[in-house]
Amino acid sequence: MTLLSVRDLTVKFAMRDQNLTALNKISFDLAKGERLGIVGESGAGKSITGFSLMKLLSHPGFIDSGQILLEGEDLIELSDARMRAIRGNRMAMIFQDPMVTLNPVLTIGQQMVETLRAHRKLSESDAKQISIVKLREVYIPSPEERLDQYPHELSGGMRQRIVIAIALLLDPQLIIADEPTTALDVTIQADIMDLLLELCQSNKVGLILITHDLGVVSQMTERLLVMYAGKIIEAGRTREIINDPQHPYTQGLINALPQQTEPGRPLKQIPGNMPSLSAIPTGCPFNPRCEYALDHCRTTPPEIVRYGNVEVACHEVSRLNAERSEEQGA
Amino acid sequence: MSNLSESHPPSFWTRIWESNIGYSFRSNPVAVASLMIFIVIVLMAVFAPLIAPFDPYDPAQIDIMNSEYPPVWIDGSDPKFLFGTDDQGRDLWSTILYGTRLSLLIGLCAVALQAFLGITIGLLAGYIGGRLDSLLMRLADIQLSFSTLMVAIIFLAVTQAMFGSETFNQYAIYFLIVVIGVAEWPQYARTVRATVLAEKKKEYVDGARVLGFGPMRIMVRHILPNSLSPIFVISTVQVANAIISEASLSFLGLGMPPSQPSLGSLISSGFDYIFSGSWWITAIPGVVLVILVLVINLLGDWMRDVLNPRLHKG
Amino acid sequence: MFAYLVKRVFQAAAVMFVISLIGFAIQDNLGDPLRELLGQSVSEEVRQELREELGLNDSFVTQYARFLGKALQGDLGTSYFFKEPALDVILKKLPATLELVLGATLIIVGLSVPLGVYTAIRPNTILSRIVMGISIVGISIPVFLTAILMIFLFSVELRWLPSYGRGDVVHVFGNWETNFASLDGWAHILLPSLALASIMLPLFIRLIRAEMMEVLQSEYVKYARAKGLWPWRIYFVHALKNTLLPVITVGGVQIGTMVAYTILTETVFQWPGMGFMFLEAVNRVDTPLIVAYLIVVGFIFVVTNTIVDLIYGLVNPTVNLARMGA
């Protein structure tokens, strides 16, 4: 059962002279209750994907073309009023930094109750009761007292738990979490991720987890998209991609992990930087940083092709795979 | 390749013209028109002695018999006087040119004084920090909580009463510059201090210190350039405000005397005649004053939009 | 909370102390009290005697202590011109000025919030452009010029509204007479209030608009959208509350600034308030009245600023007054 189906989604930024392409025809599907990871370096278009799905792009970004089908209904065609009824209700979002996500001048209770009452006809006290139940679900101690507190009175980890509780308030079908632990202390990052995984599994909620952390993705998600310069360059089951990455960029990301390096050795970083939107190279966008690039990589953009169990956008995928097998065989 | 492109290095003006600021300026007709009008007014003020048909400070050229002639497009005018004459028989056009000169001069000098005091205090407070910083910023808070105009009115009123109006009139221009200049330093000091605090944390300042540069050099050469754009934006608003303050003080009789009028004192002297129908003595200098302040404010608005990336996004 | 209050009151007292010093210095240097009392044709001997009697030969500190002691009991000297206690003269004029400030404040608050919010939410509509256009012209016209323009238009040309004075005032209590109780009173206060508001109103519209636009870019507003809230709730609860916090601080200072502008407005409209009185006192070198005005105005500034700071602390949940007092 497909919950979300994205087709050829293209997002552009209206700049002074031209429109810059931030997302270039990305397509993917998400089944009900499925957990999908999106990884890539900063600037790859991960967050823009997340905000596009909610239709929350702010100026100068805009959706240029494509479809975002939520149970067959195209969100791009929806009016603002009908889109509002979906946000927070059927699709919820968890933002990156809980220190700036919650409104500083409203109490936790006000911010939870208003969310419920924006979508359901509920009395103030009923809404409070539901809020307390949800706060309990995210293991917030003495939730009744939290309702009257302001965000600044709570720690970052506590605030992110509250944001997760707000996301769960209306039992959504899909949660989009945009780097939900990047801004938190390392010690509580794992707790928050465990909580999110547990809640998604027990409530059968679909999850799109946007992160740059491959370790997190391998624990949290079933399927994985790797993005580079506004394109999906590799997609498939998380385990397969992590164990046997096909695209040279994905290989580079995995080789750069500290676990892949012997202690005392420098990390194997991918040379170079992600290109800026105004200077995306012709051909394969990764070609200037790719050690295997050939002439046609510099001229022709690669199509997404099925290779084994994954989809990958690389001209040389079969040659590289063959070379790798030889090396391992030797 | 690089030799080719560098064979004709673009001039300073070309670079500005091609930059983002240049582009935003070119594509904003309001900013272009404002700058042009401002330049025209400045040129008229600078060359007032050459342009003006009469010298309003020369009693020999003033004849009380000529008083209250209307502008040339109204019946009963004298073609000698383009905008008519004031109550003393001075040519209004000439007097306005000289008055604009005074208003601009006072405004610019006062803001230069503000900027000098504010930047110095802001750099010291931010760089040295500690007790000096909290003392200076407390002082800035208190200073800001009092209206400049109020402070200026009381200061000038007392000065005038103390020295008598004859001596006061002689030095009025200096009093005005000092009182408007001193009262508004916190605006600059706060901005500069904030930039210093932000820049102080950055590596290049540490680098400069490690290389053995003295604090003076670090502040002036490394930190100050980074606060230039907010200083620019503040300065436009401050010049506009200083001109308004000067006009207000002169209107109250606490600024430039009628014998050597700025735009404010000219409007003031005309106010007595507004009920008798000689509206032009007030109206024409008033229009000049408003246009001058308005174009400065419009330029300031444009500059804030361009130089402040936070607002630029919106 | 209490500690913060004490700290704030202490600071206010320190500022008042400095103002009283300035006031005393002015009194000490401006004009000769003997001439006012005796005239010029008095022998040097009599003068010296009187100087001794009045304490004018005492040290600066002693004289200042006497001045401060009297000031604390409400004695700010006797006006040379009115031959009355200076404080009484000012208090008689105070209601007229306060009503003018009140009228202008009503206009400013009533218009700046809706217009500022509207222009921030819908920056590209024709109405927004018109409001912003008028605003920048508004801040470019000095108060006195607006006042003159209004008199010329509504009083001289159209003859709709009176150009000077307070008109029919109705006695309320003490020496308070109000403009707000008769039609003629309303007609008289309308133009002066508008003129007084004319420079502050555009300033506040622009301030509220800029703050609101910045708040609308914030993460928490984006998050409020992601929660699917109704737009009006995002604008008027999430954004407006955060917008008005900094505006309160600036607003407090501006109310003080308005007292300065009353001098200009009252001069043009010959409004019998304390600003008009002050300029007359300056022309007459009525030193006690000048000093008394300085102290009363300083007091108004200090009190409004202290109150505004306290209100800000109470309204803003992220300011912990208890901690600030420490």
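A residue is counted as buried if 20 or more other C-beta atoms lie within 10 Å of its own, as exposed if 12 or fewer do, and as partly exposed in between, with C-beta atoms placed from the backbone. By this criterion, 42% of the 330 residues of chain A are buried, and in chain B buried residues make up 45% of 314. The structure is a predicted model, in which local features need pLDDT of at least 70 and side-chain atom pairs count only at pLDDT 80 or more, while totals for chains, interfaces and linings use all residues. Residues are numbered from 1 along each chain as its sequence is written, and chains are lettered from A and ligands numbered from 1 in the order in which they are written.

Chain A contains 13 helices and twelve strands; helices (H or I, at least four residues) and strands (E, at least two) are DSSP runs, numbered from the N terminus. The radius of gyration of chain A, taken over C-alpha atoms, is 21 Å, close to the 20 Å given for 330 residues by the globule rule, so chain A is as compact as a globular protein of that length. The rule itself is 2.2 Å times the number of residues to the power 0.38. The C-alpha trace of chain A spans about 65 × 50 × 40 Å along its principal axes. Two residues are in contact if their C-beta atoms, placed from the backbone, lie within 7 Å. Among contacts in chain A between residues at least 6 apart in sequence, 63% join residues at least 24 apart.

Strands are said to pair if DSSP finds at least two bridges between them. In chain A, strands β1 (residues 2–14) and β2 (residues 19–31) pair in the antiparallel sense over nine bridges, and a hairpin through four residues joins β1(A) to β2(A). Within this pairing, A:S5 has A:D29 in β2(A) as its bridge partner.

Chain A also holds an open sheet of eight strands with mixed pairing, in the order β6-β7-β8-β3-β9-β10-β12-β11. Its edge strands, β6 (91–94) and β11 (305–307) of chain A, each pair on one side only. From one strand to the next the twist averages 20°, where angles run from 0 to 180 degrees between N-to-C directions. Strands β9 (residues 223–228) and β10 (residues 231–237) of chain A run antiparallel and are joined by six bridges; A:L225 stands opposite A:A235 in β10(A). Helix α11 (residues 248–255) of chain A packs on the sheet, where it touches β3 (35–39), β9 and β10 of chain A, and its direction makes about 105° with that of β9(A).

Chain B has 15 helices and zero strands, and its C-alpha trace spans about 75 × 60 × 35 Å along the principal axes. Among contacts in chain B between residues at least 6 apart in sequence, 68% join residues at least 24 apart. The axes of helices α4 (residues 29–46) and α14 (residues 280–307) of chain B, as lines fitted to C-alpha atoms over the stretch in contact, come within 9 Å and cross at roughly 135°. That angle makes α4(B) oblique to α14(B), since angles under 35 degrees count as roughly parallel, over 145 as roughly antiparallel, 65 to 115 as roughly perpendicular and the rest as oblique. Residues of α4(B) that meet α14(B) include B:V30, B:L35 and B:F38, and among those they meet are B:I291, B:V295 and B:W302.

The contact between chains C and B takes 36 residues from chain C and 37 residues from chain B. On the side of chain C that touches chain B, the largest share, eight residues, comes from α10(C).
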